[in-house]
Amino acid sequence: QNGDWHGDSYAGIYFQGKRQGSGIYRYKGVDGEGSGVFIGEWLKGEMHGLGILTYADDESYAGRWQHDLKDGLGVYKWGRHSEHSGDKYEGYFLEGHSDGVGTTAFSDGGWHKGSWVGGAMNGPGIMATSSGLVLFGSWLNDQPHGEFVQSIGLSSSTKTVVEFEHGEVKNRRD
């Protein structure tokens with residue numbers, strides 16, 4: 001069965017002419033870009049319920065969908081064509097964006113655990129860089145903002161308080 005776009009295809013259940021229930025949608029993409037597959041649940045022609053979407057560049061999302069958007073608990077991995085290639089976010093989504101509590105594993109070995117709003121780190125969290133630097137504080141639009149406790153490693157007894165303003169260090173005290 002043909003999909004919505006030329007070259008796309010759908011194999012699954014229809015109800016009143018719309019994708020409904022379980023099905024597989026294959027995206028052809030343009031010149032190989034954007035090609036991928038969605039395997040999951042549909043409601044009234046939209047991805048809705050549990051599903052896995054993968055693209056040819058290894059970008060993927062597995063989790064809950066609502067009205068064609070990531071919504072609920074899921075795992076998102078950035079693809080090779082992204083500046084965040086290989087990074088992976090596990091947590092909550094709202095209307096297509098990471099939103100709520102989540103964990104990000106960065107491709108260089110660092111990580112962040114904390115609050116997300118509208119697709120960005122916003123609110124309290126803890127981050128460890130691949131070099132072992134640990135920051136505990138609050139983020140604003142993906143940038144450290146306010147007072148942070150900084151240490152080398154999680155169990156270090158030496159801690160420094162660092163004050164950030166939109167990602168820039170403004171003050172430091174031991």
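Biologist: Starting with strand 11, which residue there is the bridge partner of Ile-126?

Modeller: In this predicted model, the bridge partner of Ile-126 in strand 11 is Phe-136.

Biologist: How many bridges join strand 10 to strand 11, and do they run parallel or antiparallel?

Modeller: Strand 10 and strand 11, the latter covering residues 133-140, run antiparallel and are joined by 6 bridges. The two strands form a hairpin with 4 residues between them, and Gly-132, which sits in that turn, has a positive phi of about 100°.

Biologist: Is strand 10 mostly covered or mostly open?

Modeller: Strand 10, which spans residues 120-128, is mostly covered, with 7 of its 9 residues buried.

Biologist: Back to strand 9 for a moment, why does His-112 count as buried?

Modeller: His-112, which lies in strand 9, counts as buried because its relative accessibility is 1%, and the cut-off for that label is under 20%.

Biologist: What does His-112 touch, leaving out residues up to four places away in sequence?

Modeller: On that basis His-112 touches Gly-102, Thr-103, Thr-104, Phe-106, Met-121, Gly-125, Ile-126, Met-127 and Trp-139.

Biologist: How far apart are His-112 and Val-149?

Modeller: They are 37 residues apart in sequence, and 15 Å apart in space from C-alpha to C-alpha.

Biologist: Changing topic, which residues touch the most other members of the largest nonpolar core?

Modeller: That core has 20 residues, and Phe-38, Trp-42 and Trp-65 touch the most other members. Strands that each supply at least two residues to this core include strand 3 (36-43), strand 4 (46-55) and strand 5 (60-66), as well as strand 10 and strand 11.

Biologist: What is Phe-38 in contact with, beyond its neighbours within four places in sequence?

Modeller: Phe-38 is in contact with Gly-23, Ile-24, Tyr-25, Tyr-27, Met-47, Gly-51, Ile-52, Leu-53 and Trp-65, and Trp-65 is itself among the residues that touch the most other members of the core.

Biologist: How many bridges join strand 2 to strand 3?

Modeller: There are 7 bridges between them, and the two strands run antiparallel, with Arg-26 having Val-37 of strand 3 as its bridge partner. Strand 2 (residues 18-27) also pairs with strand 1 (residues 9-15) in the antiparallel sense, over 6 bridges.

Biologist: Last one, what is the volume of the largest pocket, roughly?

Modeller: Its volume is about 320 Å³, and of the 16 residues that line this pocket, Trp-78, His-84, Trp-116, Gly-119 and Asp-142 are the closest to its centre.

Biologist: Which strand gives the most to that lining?

Modeller: Strand 8 does, with 3 residues, while strand 6 (69-77), strand 7 (88-94) and strand 8 (97-105) each supply at least two. By class, the lining has 7 nonpolar, 6 polar and 3 charged residues.

Terms used
Residues numbered from 1 in each chain as written. Predicted model: local features only at pLDDT ≥ 70, side-chain atom pairs only at ≥ 80, totals over all residues. Heavy atoms only, no water. 1 Å grid on protein atoms, 1.4 Å probe; cavity = no way out; pocket = protein on both sides within 12 Å on 5 of 7 lines; lining within 4 Å. Points joined across faces, edges and corners; volume = space filled by probe spheres on them. Nonpolar A, V, L, I, M, F, W, Y, C, P; charged D, E, K, R; others polar. Buried < 20%, exposed > 50% of the residue type's maximum accessible area, 1.4 Å probe, protein only. Pairing = 2+ DSSP bridges. Core = buried A, V, L, I, M, F, W, Y, C linked by side-chain atoms within 4.5 Å. Contact = heavy atoms within 4.5 Å.
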